[in-house]
Amino acid sequence: MRSRHARTLLIFSIDICQMRVYTYIMKRTFPCHCTTLRYAAQTLTEVYDRVLAPSGLKVTQYVLLESILEDEAEQSITDLAQKLGSDRSTIGRNVHILVRDGLVSLSRGSDRREHTVHVTKKGRETVSLANPLWQKAQTAVADTLGSDQLNMLKTLLSQLEEMSI
């Protein structure tokens with residue numbers, strides 16, 4: 001999984017059949033910290049998407065479905081956006097894709113502007129299929145980084161979330 005541009009980042013490539021993780025160090029760094037983090041997030045998202053491909057879900061869809069199922073009740077799009085730390089329009093677009101695919105259904109909430117989301121039977125079956133694939137991706141990342149580095153990464157990312165200028 002080599003990019004056109006060499007960069008100094010740790011890249012994960014997962015062979016879905018063997019679930020072997022290959023890493024390589026790229027040779028160029030970005031001068032912008034934000035760009036470096038976005039590139040790393042994009043790369044990791046691609047890994048999860050590739051592993052989840054047999055289920056037909058992308059990682060964003062899987063996390064959204066799991067978040068709805070977590071409370072075992074219908075949730076509004078606004079509540080989901082707050083729960084996932086995203087904006088309402090992004091969650092709304094992702095929900096509409098899941099509606100199109102028959103994985104969730106929408107109904108009117110307490111007022112006419114609010115919509116609640118419910119996972120369908122097909123959605124539950126898809127999540128059941130995707131969960132072991134997601135677990136494999138989680139394990140691959142944890143094995144690649146090791147628990148100390150994974151905990152450090154989480155700590156550093158939390159610090160960035162709290163940053164203010």
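## Burial and overall surface

Buried residues (under 20% relative accessible area, against over 50% for exposed and in between for partly exposed, with a 1.4 Å probe and protein chains only) make up 32% of the 165 residues in the protein chain. The accessible surface of the chain comes to about 10,800 Å², and carbon and sulfur atoms hold 53% of this area. Accessible areas come from the Shrake-Rupley method with a 1.4 Å probe, and for residues only the protein chains shown count as cover.

This is a predicted model, in which local features need pLDDT of at least 70 and side-chain atom pairs count only at pLDDT 80 or more, while totals for chains, interfaces and linings use all residues. Residues are numbered from 1 along each chain as its sequence is written, and side-chain values use heavy atoms, with hydrogens and water left out.

## Secondary structure and strand pairing

The protein chain has 5 helices and 5 strands, arranged along the sequence as β-β-α-α-β-α-α-β-β-α. Helices (H or I, at least four residues) and strands (E, at least two) are DSSP runs numbered from the N terminus.

Strand E5 (residues 115–119) pairs in the antiparallel sense with strand E3 (residues 75–76) over 2 bridges. Strand E4 (residues 104–108) also pairs with E5 in the antiparallel sense, over 5 bridges. Pairing requires that DSSP finds at least two bridges between two strands. On E5, Thr116 is the bridge partner of Ser76, and Val117 stands opposite Leu106. In a regular strand the side chains alternate between the two faces of the sheet.

Of the contacts (heavy atoms within 4.5 Å) with a separation of 6 or more, 44% are between residues 24 or more positions apart.

Ser67 lies in helix H2 (residues 59–70). Ser67 counts as buried because its relative accessible area is 7%. Leaving aside neighbours within four places in sequence, Ser67 is in contact with Gln75, Leu80, Lys83 and Leu84.

## Nonpolar surface patch

A nonpolar patch on the surface consists of Leu37, Leu153, Leu157, Leu160, Met163 and Ile165, which together have about 640 Å² of accessible area. Patches are made of residues with over 30% relative accessible area and no salt bridge; like charges are joined within 9 Å, and nonpolar side chains (Val, Leu, Ile, Met, Phe, Trp, Tyr) within 5 Å. A salt bridge is a side-chain nitrogen of Lys or Arg within 4 Å of a carboxyl oxygen of Asp or Glu.

Helix H5 (residues 121–161) gives the most to this patch, with 3 residues. Leu157 is found in H5, and is classed as partly exposed because its relative accessible area is 37%.
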